[in-house]
Structures are given as C-alpha cells and as structure tokens.
Amino acid sequence: MVDLRVEPEAITRGGVWFVVAEFAGPARAWRFADVTRTGGSLGSTPTQVAVDAPAWTGPDAAAWVSSLSRSGYTDAVSAVRDYIRDGEVYQANICRVLSAPLPRTGEGEEPDASALAAILAAGNPAPYQGVIHVPHAQSADGSPVLDPVWVVTASPELFLRVDGLNGTGGEGPAVIISGPIKGTASTAAGLASKDEAENIMITDLVRNDLQRICAPGTVAVTGLLEVEHHPGLVHLVSTVTGELLEDAATAPDVWRTILEATFPPASVSGAPKSSALAIIDELETAPRGPYCGAVGWIDADRGTAELAVGIRTFWWTEDADPRSLPDAATGRLRFGTGAGITWGSDPQGEWEETELKAARLIALASAHTLRP
C-alpha cells in the first residue's frame, strides 16, 4: 500500500492498483497480484450479479444517525449563503455523514462487502459501482500486515479518466477527462435554473483545474448540462477534456501532479476551492473519510486509470482499538450525503436533496438477509 500524494513513484513498479482517496487525505493505493479484466480492460463492462451472490445483513433501518440534524444542516446552508453574500465563496458543498452500528459476524469476520456491493448493483446500478476490501490482518507480533479498507460504492460520477500515461498512447498525447455532476432532482422537470448555474460554476472550476496540467488550448467542455437518469433521481452532468502536458504525463510522479491540480474533486468542494474547503472544515461536524474522495483503479502497465468521485458510497470501520481484534465486535457502517450550496439555495430544499440522495441506498443497505 502507498499514498499516491506522498509516494506516487511507486506506480512505476507496474501492475494494477486500486485506489481509495479520502477527502482530506491520504490517497491510498493497493497493488493486487491477481486481476481479472472484463471486455479487455478494467471497468469496461457492467457488473454482472450472480444469482448465488452472498446474502447481506445490514443494520437496523431505525439505527441510522446523522452527523448534522435537520436544523444543524439548514443552519450550515444559511451560513454558506452569508459567506456568498460577503464575497468569500460562490458555491460550497455541505455534507453530513449517516452511520449505524454494524458489528462483525459471529465468527469474528468483517461484514461482507461483496454482499452489499451485489445488493447495490441489483437495486441501484451505477456507472462506477465497485467494492474495495482489504481486511484487517495482523502479524504474529500484533503489527498490521496491510492498511485495511472497506468501501462499497454506487457512484454515478466520473472524477478522472486518464489514458496514455508514460508514453503508452503511442505518438498521441495523454488524455484526461472529468465528468462533474451538479444539479439533482427526482425528475428532469424538477431541475431548476439554480441547478444549471451550479453546474456551470463547477464545470468552470474543473476546467481551471485541468488547465494547470494540460497543454494550452487543449482543455474543452465537450458536454454541458446533460441530463442523466439514475434510479430514483436525475443529475445534470458536464464533461471536460484535456491533453496532459508531455513532461507531466511521462514523469514518475505524474499522480502527485494530477492530484495536486484536481483533488479534492471540484463538485464536492466548491468555488473558489480553497475558500470552500475552509468553510467545509468550519461547518461540517464529521470527517468525510472516503466519501467525496475518489475510488477506482490505475493500470500502470497500460497507462490508464479511472477514478470515480466517492459519492453514494458506504464505508465500514472498526470502532474499537484494532489491536484488540478479533475479540472486539463493534463497528459502524457510514454513508455520506450532501448538496452544493449557492446564493439561490433554500435551506430546507437542500436538506431534502440530501434526503433524496440517501433514501434509496440507505434502504438497500438496511435490508436484512436479502439477496440481489
């Protein structure tokens, strides 16, 4: 395991790396010895859910609690509007984290991440769905063997797709693509002018981010305000593309360069990004973890990568001191939900948007002993 923001040169060892970048860091990547590709490359075909997929037993539906209450969240929205009025920021994404107790099994095993992934794939298929699970393990002296991770995502949003790194694109340049989402409603008719304005602001921020690492004149908005339909809701999606600077695309530390320019994702931070991040730190009451970070893969041999924004994402952590495992039985399943706040935001409406984004997935994760 490496932190791509600290040791990006590790990717030059080759192989396939799976990435979970937390919103506030680190950007961890694990290299796996055995990798199965479908359709010629990782992530190129939809997930197929086997009929014999394992059963999932989730937390009690009534056990979920929010890091911000309704009043706490609407107060935060109002505070962002005050900052916008004062010229501190144009837009900021404010999130809350839902959590519920989910212990280890009776055999002391961590919850089955693949079982939850199968439930989500069947009940809420998403273009960037996936699961990354590296179980906690200890050596004979009690020290960790690997840095563990437990993440299941049903993300609809592309953070970055990269092709042609390290000269693998032949004579052509390395290409980078981002697909920011801003604007959510239950139906296309429910999308408002506020959603369009918010999407345009964030698309412009993504364009500015990519211009820091792309050749002059190559960054372009190739899709703007396109309506995408997902289970139970619709989104406005734009697409921004660029050609990476040759020196950056072939450098051993290319991933440090890319992440320094683009991370955290624009759609889940705000504009200007530095001001929005300071406001987020002030107003949010729980760490986002991998939520609003990035989840995906890097194929170092082929010079390609695909990272999703870590939204519609569950993560599980052990509550107890890891040194007490496997005797400890406590743990929590977490899920983040949020909304982009602009001057045109209605605090109650933004709360309802966070509820809309969470409702279907929380219901699926709370189901007891179900198969897809």
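Where is the place of C292? C292 sits in the loop between α6 and β14 (294–299), one of several spots worth a look here. What you're looking at is a predicted model, where local features need pLDDT of at least 70, side-chain atom pairs count only at pLDDT 80 or more, and totals for chains, interfaces and linings use all residues. Residues are numbered from 1 along each chain as its sequence is written, and side-chain values use heavy atoms, with hydrogens and water left out.

- C292 has a positive phi of about 70°, although it is not a glycine.
- C292 counts as buried because its relative accessible area is 0%; buried means under 20%, exposed over 50%, and partly exposed in between (1.4 Å probe, protein chains only).
- R312 is not a glycine either, yet its phi is positive at about 50°.
- You'll find R312 in the loop between β15 (304–309) and β16 (313–318), and its 10% relative accessibility makes it buried.
- The peptide bond from G25 to P26 is cis, with omega near 0°, and P26 lies in the loop between β2 (16–21) and β3 (27–32).
- Another cis peptide bond runs from A271 to P272, with omega near -10°; P272 belongs to the loop between β13 (270–271) and α6 (273–283).
- The helices and strands named here are DSSP runs, numbered from the N terminus: helices are H or I with at least four residues, strands are E with at least two.

**Helix α7**

- Helix α7 covers residues 347–366, and its 20 residues should span 28 Å at 1.5 Å a residue; the end C-alpha atoms are 27 Å apart, which agrees.
- That expected span is 1.5 Å times one less than the number of residues in the helix.
- At A358, α7 bends by about 40°, the bend being the angle between axes fitted to the seven residues ending there and the seven starting there.
- The buried residues of α7 include W351, A358, L361 and I362.

**Salt bridges**

- A search of the whole structure turns up 20 salt bridges, each one a side-chain nitrogen of Lys or Arg within 4 Å of a carboxyl oxygen of Asp or Glu.
- An α-helix has 3.6 residues a turn, so residues three or four places apart point the same way.
- R207 is partly exposed because its relative accessible area is 26%, and D204 is partly exposed at 34%.
- E110 and R104 also meet in a salt bridge (3.6 Å, N to O), and both are buried.
- R288 and E284 pair up at 2.5 Å, N to O, and both of these are buried as well.
- Salt bridges that share partners link K182, K194, E198 and E350 into one network.

**On the surface**

- I200, V221 and L224 make a nonpolar surface patch with about 240 Å² of accessible area together, by the Shrake-Rupley method with a 1.4 Å probe; for residues, only the protein chains shown count as cover.
- Patches take residues with over 30% relative accessible area and no salt bridge, joining like charges within 9 Å and nonpolar side chains (Val, Leu, Ile, Met, Phe, Trp, Tyr) within 5 Å.
- V221 lies in strand β11 (residues 220–230) and is partly exposed, at 37% relative accessible area.
- D247, in helix α4 (residues 246–249), is exposed because its relative accessible area is 66%.
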